[in-house]
Amino acid sequence: GSQVKTDGEAANRSTSAKLVRARELIRKLRNAAMNITDVQALAIANAADLEDLRSLGTEAVSACIEEIKDKTSPASLRILLIKITATLSGHKDPQLGQALMAIIADTTDSKSVRMQALQWIPQTGDKCAGTTILQMLPNQSDPDLEFAITRAMRGFKVPGSVDILKGELADEKGYLIRIAALHAVAAQGGQEALTVLQNAVASQ
């Protein structure tokens, strides 16, 4: 019995050591991101630290989510961490799903961070997210966010969504929005979606 206990304690120690290390790395990355606003430049300049963070695996996820949720953290770092966390957590992490939905719903948050959250929300396995995102679509006045929401809907099957998505195929919508809408409608499946797609193709 004592051997099992020792193994358990060792595993806990290893997990908490990894969490401490993850927080250290994130602090370092945050300092770097204060001066580097471009996401790609930040990733290139800090490739070794980001690789370290990835190597910690799922133990780093909670530290990453804390930073993603922190609106005082530089947008470039939050954008990078959303992608890293979505890939680390094996795509099905309710904590990450909740954090991303909070960002998506917060109109005061950085647009670039919200767009990154929309890109990765389908990967978190949060089925309810599709309904919430869909409800945001008709009132969206920013074309970039409208595109990001429409694109995200490819990853969800939401009953009754074809009717709303159909509106994104209108002539006055931008080309990218219309393409995203075609993919999103196709992902819904069923006869109604097929009819909308056929009509859209016929009217080209």
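## Surroundings of E67

Leaving out residues up to four places away in sequence, E67 touches I26, R30, S73, L77, R78 and L81, where contact means heavy atoms within 4.5 Å. This is a predicted model in which local features need pLDDT of at least 70 and side-chain atom pairs count only at pLDDT 80 or more, while totals for chains, interfaces and linings use all residues. Residues are numbered from 1 along each chain as its sequence is written, and side-chain values use heavy atoms, without hydrogens and water.

E67 lies in helix α4 (residues 61-69); helices are DSSP runs of H or I with at least four residues, numbered from the N terminus. With a relative accessible area of 10%, E67 is buried (buried is under 20%, exposed over 50%, partly exposed in between, with a 1.4 Å probe and protein chains only).

## Helices α5 and α7

The axes of α5 (residues 75-88) and α7 (residues 111-120) come within 9 Å and cross at roughly 10°. The two helices are therefore roughly parallel, a term for angles under 35 degrees. Axes are lines fitted to C-alpha atoms over the stretch in contact, and angles run from 0 to 180 degrees between N-to-C directions.

On the α5 side, A75, R78, I79, I82, K83, A86 and T87 meet S112, V113, Q116, A117 and W120 of α7.

## The exposed residue D171

D171 is placed in the loop between α10 (161-166) and α11 (175-188). Its relative accessibility is 72%, so D171 counts as exposed. Between D171 and L88 there are 83 residues in sequence and 40 Å in space, C-alpha to C-alpha.

Methods. Angles under 35 degrees count as roughly parallel, over 145 as roughly antiparallel, 65 to 115 as roughly perpendicular and the rest as oblique.
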